[in-house]
Amino acid sequence: MAGGPGGDAFGDMPFVIGAGVNQDRDLIVMTQRGTLYAQPNLACPELDRFNAEAVGLRYDAPSTGRRLVRATKQCRDRLAGEGIDLSAYNTTENAADFADLRKALGIHRWNVYGYSYGTDLGLTYLRRHPQGIRSLAIDSVVPPQIVSLPWTWDSAQEGIDTIFAACAAQPACRTRYPNLSRTLTQQVRRLEAHPLTVTAEPPAGGAPVKVVLDGGALVNLLVGNAVPAVDVPAALDELAHGNPDRFARARAAGATPVVGEFAYGLTQSVACSEWVPGYSQADLLAAGRRAFPGWPDSVLAQAPQLPFQHEACRVWNVPDRTAVTRVTTVSNVPSLVLSGTFDAKTGALWGAYAARTLFRSTTVLIPGIGHWVVPQSPCAASVLTSFLTRPTAPDTRCVAGLTPKPFTIVPALEKS
């Protein structure tokens with residue numbers, strides 16, 4: 001079960017196969033309703049084009065929000081004009097599709113693996129259709145009973161703070177980059193007050209593009225793991241000394257999306273019916289202030305990775321489904337709960353939170369890894385394959401010796 005919502009599950013196959021899950025068993029991959037190759041496909045080229053332009057705009061400026069909402073409405077109007085019922089694209093129906101697939105294939109029992117939004121989907125599937133599920137493995141956990149826009153600030157705080165704590169635990173990093181939390185706050189405030197406009201070459205190559213770095217852009221690059229965690233202290237230090245190159249290149253990556261690959265229509269239908277309702281913009285701002293006191297309100301008013309989502313949902317206009325989706329999954333089905341300590345999208349604590357009511361669960365925390373653990377950690381991959389063989393007694397011994405990789409140390413720079 002892929003993430004997003006809206007990601008292409010087929011595109012994820014090399015990562016899952018690379019983890020070895022199909023060494024001695026069949027691997028079944030199904031794209032979720034509305035995603036690439038599905039009919040209908042809820043791609044939004046309008047939003048792809050906006051995202052390409054947005055790297056050259058202030059991340060959290062009201063004018064940027066208006067452009068995002070305009071592109072969202074254009075996509076919604078086009079899809080609705082084609083007769084597509086956007087309210088039918090939700091986690092409840094998504095889970096039912098997987099239950100139907102198992103029956104259609106005549107499979108008595110199978111194991112289920114999902115990451116990111118796929119964990120929200122997997123837990124909903126387990127709750128609503130437990131028949132035939134031998135085991136459930138969830139990686140980078142989004143608990144359906146808790147996910148909301150304010151929740152994103154809790155995860156951002158946990159992931160970023162854990163990266164800084166890991167630097168402080170390495171003598172070379174601690175000595176070279178003291179007070180990273182203060183440095184980040186200073187840079188968020190500075191860039192929000194005086195955004196940088198620079199030219200940067202996208203990491204994948206191509207012509208250099210104009211990039212704007214304001215406080216919101218900086219925060220979302222960190223949350224999105226756009227700069228590798230091992231480079232974050234160095235990148236922040238360089239930024240503080242007048243060299244924004246690492247962050248600028250990471251921002252430039254958004255200038256070259258594959259148009260039509262990601263199903264933003266599914267993203268909006270799920271977010272607007274299940275994640276946004278019930279919490280106001282004031283609730284979101286309050287959560288941001290709790291997580292990062294001292295940051296500008298203009299940054300904290302936008303949920304990490306989901307800016308201007310309240311406004312977008314007003315034009316997307318799908319019914320509130322929280323009464324049937326914000327429900328805790330309680331189960332005795334053997335479960336594996338995987339989290340990375342550096343995950344700022346779905347904080348590691350939420351894996352343990354979801355596991356409290358999965359009574360036959362094994363919770364595994366992988367140090368120094370960010371979002372979507374299995375492809376990044378050979379240990380996590382071996383734990384997963386062991387779990388598939390023995391769901392109630394997976395071999396987790398490799399975890400004990402793991403520590404975060406050494407952080408990048410660069411020569412000290414004079415402040416420009």
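**Chatting through the predicted model**

Student: Which helix does Gln-268 lie in?
Tutor: Gln-268 lies in helix α12, residues 264–275. Keep in mind that we're looking at a predicted model.

Student: Is Gln-268 buried or exposed?
Tutor: Gln-268 is buried, because its relative accessible area is 6%, and the cut-off for buried is under 20%.

Student: And what is Gln-268 in contact with, leaving aside neighbours within four places in sequence?
Tutor: With those set aside, Gln-268 is in contact with Thr-72, Gln-309, Ala-312 and Trp-316.

Student: Let's do disulfides. How many are there?
Tutor: The count comes to 4 disulfides. With the bonded cysteines numbered in sequence order, the pairing runs 1-2, 3-4, 5-6, 7-8.

Student: Which cysteine does Cys-272 join in a disulfide?
Tutor: Cys-272 is joined to Cys-313, with an S to S distance of 2.1 Å. Cys-272 lies in helix α12 and Cys-313 in helix α15 (residues 309–316), so the pair ties together parts that are 41 residues apart in sequence. The link of Cys-272 and Cys-313 is left-handed, at -85 degrees about the S-S bond.

Student: Are those two ends buried or exposed?
Tutor: Cys-272 counts as buried at 6% relative accessibility, and Cys-313 counts as buried at 12%.

Student: What about Cys-44 and Cys-75, how far apart are their sulfur atoms?
Tutor: The sulfur atoms of Cys-44 and Cys-75 are 2.0 Å apart, and the two form a disulfide. The link of Cys-44 and Cys-75 is left-handed, with -65 degrees about the S-S bond. Cys-44 sits in the loop between α1 and α2 (45–54), and Cys-75 in helix α3 (residues 62–81), 31 residues apart. Cys-44 is buried at 0% relative accessibility, and Cys-75 is buried at 0% too.

Student: Is the link of Cys-379 and Cys-398 left-handed or right-handed?
Tutor: The link of Cys-379 and Cys-398 is right-handed, with 80 degrees about the S-S bond. Cys-379 is in helix α18, while Cys-398 is in the segment after α18, 19 residues apart. Cys-379 counts as buried at 8%, whereas Cys-398 is partly exposed, with a relative accessible area of 31%.

Student: What else lies in the segment after α18?
Tutor: Thr-392 lies there, with α18 itself covering 378–389. At 53% relative accessibility, Thr-392 counts as exposed. Not counting residues up to four places away in sequence, Thr-392 touches Pro-334 and Arg-360.

Student: Switching to the nonpolar core: which residues of the largest one touch the most other members?
Tutor: That would be Tyr-125, Trp-153, Leu-184, Phe-247 and Trp-295, out of 97 residues in the largest nonpolar core. Helix α6 (residues 149–168) gives the largest share of this core, 9 residues. Apart from it lies another core of 24 residues, with Leu-338, Cys-379, Ala-380 and Val-383 among them.

Student: Last topic, the second largest pocket. How much space lies in it?
Tutor: About 600 Å³ of space lies in the second largest pocket. Its lining has 24 residues, and Leu-27, Ile-28, Asn-111, Val-112 and Tyr-113 lie nearest its centre. The elements giving two or more residues to this lining are α1 (9–18), α4 (91–105), β1 (110–116) and α18.

Student: Which element gives the most to the lining?
Tutor: β1 gives the most, with 5 residues.

Student: How do the lining residues divide into nonpolar, polar and charged?
Tutor: The lining of the second largest pocket has 19 nonpolar, 1 polar and 4 charged residues.

Methods:
Residues numbered from 1 in each chain as written. Predicted model: local features only at pLDDT ≥ 70, side-chain atom pairs only at ≥ 80, totals over all residues. Heavy atoms only, no water. Helix = DSSP H or I, 4+ residues; strand = E, 2+ residues; numbered from the N terminus. Buried < 20%, exposed > 50% of the residue type's maximum accessible area, 1.4 Å probe, protein only. Contact = heavy atoms within 4.5 Å. Core = buried A, V, L, I, M, F, W, Y, C linked by side-chain atoms within 4.5 Å. 1 Å grid on protein atoms, 1.4 Å probe; cavity = no way out; pocket = protein on both sides within 12 Å on 5 of 7 lines; lining within 4 Å. Points joined across faces, edges and corners; volume = space filled by probe spheres on them. Nonpolar A, V, L, I, M, F, W, Y, C, P; charged D, E, K, R; others polar. Disulfide = S-S within 2.5 Å.
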